[in-house]
Amino acid sequence: MQPVNILGDKMEIAYYPGCTLKTNAKEFEETAIKVFEKLGVRLKEINKWYCCGTVYSLATDNLMYRLAAIRNLIRAKEEGYDKLVTLCSICYNTLKQTNLMAKEDEDAMYKINSFMDEEPDYDGSVEVLHPLQILNEMMDEVKAKVKKPLDKKYAAYYGCLLLRPKEVAIDEYENPSVMERLIEALGGSAVDFPLKNECCGSYNVACNKEAVIDANYRIITNARKNGAEAIVTSCPLCHFNLKEIQKEVKKAYPDFVGLPVYYFTEIMAMAFGVKK
Amino acid sequence: MNWLLSKVEELSGENLYACYQCGKCSAGCPMVNEMDLLPNQVILLVIRGDESVVDTKTPWVCAQCYQCGVRCPKNVDITKIMEALRLIKLRQNIDHIKLEKVKKNLPQIALVSATRKYTG
């Protein structure tokens, strides 16, 4: 097998699950570990981890909310890794932005390192990756593993946090294509649609569900009108907002026609013939 | 400089005077239909020192998706301005949600992020 540049000469990478991958998004984790194993890449869960705090804190003076992410990066470093992968888009975004701060903001890191007296100082040396960045370099290997080519039209839905802010984008932030290339490599056809990088409403679901219902209607209808028969995503919150509330969307919009929603690793497992 | 503007600039680290009101942020915002004030209008009101801006829906509907910031031709990260406005309320110990009213069947990812964004 060709070495994967992004992984260096190793075929094992530290894996950070995050809170939701162990509960609502179990199928995401299970299929991811299995399909990467098929590709010869081992996702090794780090021994100790904590919730990253989800959303990255944006206030100049709120360093406290960044500690959880820093501690997770230190855990990976302690276990000898210089790269860390995480499946959830929100975890990816938070860990990646925090790591950028660790590399660039000396003042902030002085405060954080002084505060975390019990931890070794952290310097931003663990690179945070998303599995789609690894797959981006392995499309030929992916093609070679396909046993049951996909036969549907899939719309790749990126949402916001894999692409923005642009410093952490895994692909072109206004017009990403890595998931479309993955769908095609798996034998399916990829449908382009303009709302592929529009936010699903995110945490509004906790107190302003109408906003999420409207976003769901807009996004799924737009994908369907462009020919999609299913949606593919990488974020457990997008997955929830697009999939689990479709009944409520139908109530609010009687003309709504839903679509099945999958994690990108689920369609990989289907195409590879991996049993759940 | 009025206290509101200086507070927002301090918390966000953004220069609000860079905004020339082109409205590109509002055009791209996916949550704009839920808002009572457009994102570019929020900037204008803060510059004018109009304190009613902290009681509008807009900062709470913002889902921190960063669309406004990446499209701003003047590199103003409006996402951070919305966070500053939320924090002005939250740091007065005024929470935006009552946790006991939040539905229990949500995934952790929704509960943790909502708690971080809507409570102090």
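This report walks through the domains, sheets, core and chain contacts of the structure shown above. The model is a predicted one, so please read every value below as computed from it.

**Two domains in chain A**

Let us begin with the overall layout. Where the domains meet, 21 residues of domain 1 of chain A are in contact with 20 residues of domain 2 of chain A. On the domain 1 side of that contact, helix H1 (26–38) and helix H3 (89–104) of chain A each supply at least two residues. That side of domain 1 of chain A is made up of 10 nonpolar, 7 polar and 4 charged residues.

Chain A holds an open sheet of 4 strands in the order E2-E1-E3-E4, with parallel pairing. Another open sheet of 4 strands in chain A runs in the order E6-E5-E7-E8, again with parallel pairing.

| Sheet (chain A) | Edge strands (chain A) |
|---|---|
| E2-E1-E3-E4 | E2 (42–45) and E4 (127–129) |
| E6-E5-E7-E8 | E6 (189–191) and E8 (261–263) |

In the sheet E2-E1-E3-E4 of chain A, neighbouring strands are turned against each other by 40° on average, direction ignored. For the sheet E6-E5-E7-E8 of chain A, the twist from one strand to the next averages 40°.

Strand E3 (residues 83–85) of chain A pairs with E4(A) in the parallel sense over 3 bridges, and Lys83(A) stands opposite Glu127(A) in E4(A). Strand E7 (residues 230–233) of chain A pairs with E8(A), also in the parallel sense over 3 bridges. Here Thr233(A) stands opposite Tyr263(A) in E8(A).

**The nonpolar core**

Which residues touch the most other members of the largest nonpolar core? They are Leu84(A), Tyr154(A), Ile231(A) and Val232(A), in a core of 132 residues. This core lies between domain 1 (5–132) and domain 2 (146–272) of chain A, because both give residues to it. Leaving aside its neighbours within four places in sequence, Leu84(A) is in contact with Ala14(A), Tyr16(A), Leu73(A), Ala76(A), Leu95(A), Val126(A), Val128(A) and Leu129(A).

**A look at Met139(A)**

Met139(A) is found in helix H6 (residues 139–145) of chain A. Is Met139(A) buried, exposed or partly exposed? Met139(A) counts as partly exposed because it has 15 C-beta neighbours inside 10 Å, and a residue needs 20 or more to be buried. Not counting residues up to four places away in sequence, Met139(A) touches Arg181(A) and Ala185(A). The C-alpha atoms of Met139(A) and Glu184(A) are separated by 9.5 Å, with the two residues 45 residues apart along the chain.

**Where chain A meets chain B**

Finally, we turn to the contact between chains. Here 35 residues of chain A are in contact with 34 residues of chain B. Helix H8 (209–225) and helix H9 (236–244) of chain A are the elements that give two or more residues to the side of chain A that touches chain B. The residues on this side of chain A divide into 20 nonpolar, 10 polar and 5 charged.

Technical notes: Residues are numbered from 1 along each chain as its sequence is written. Chains are lettered from A and ligands numbered from 1 in the order in which they are written. This is a predicted model: local features need pLDDT of at least 70, side-chain atom pairs count only at pLDDT 80 or more; totals for chains, interfaces and linings use all residues. Two residues are in contact if their C-beta atoms, placed from the backbone, lie within 7 Å. Ala, Val, Leu, Ile, Met, Phe, Trp, Tyr, Cys and Pro count as nonpolar, Asp, Glu, Lys and Arg as charged, and the others, Gly among them, as polar. A nonpolar core is a set of buried Ala, Val, Leu, Ile, Met, Phe, Trp, Tyr and Cys residues joined through C-beta atoms within 7 Å. A residue is buried if 20 or more other C-beta atoms lie within 10 Å of its own, exposed if 12 or fewer, and partly exposed in between; C-beta atoms are placed from the backbone. Domain bounds come from an automatic or database domain assignment. Two strands pair if DSSP finds at least two bridges between them. Axes are lines fitted to C-alpha atoms, for helices over the stretch in contact, and angles run from 0 to 180 degrees between N-to-C directions.
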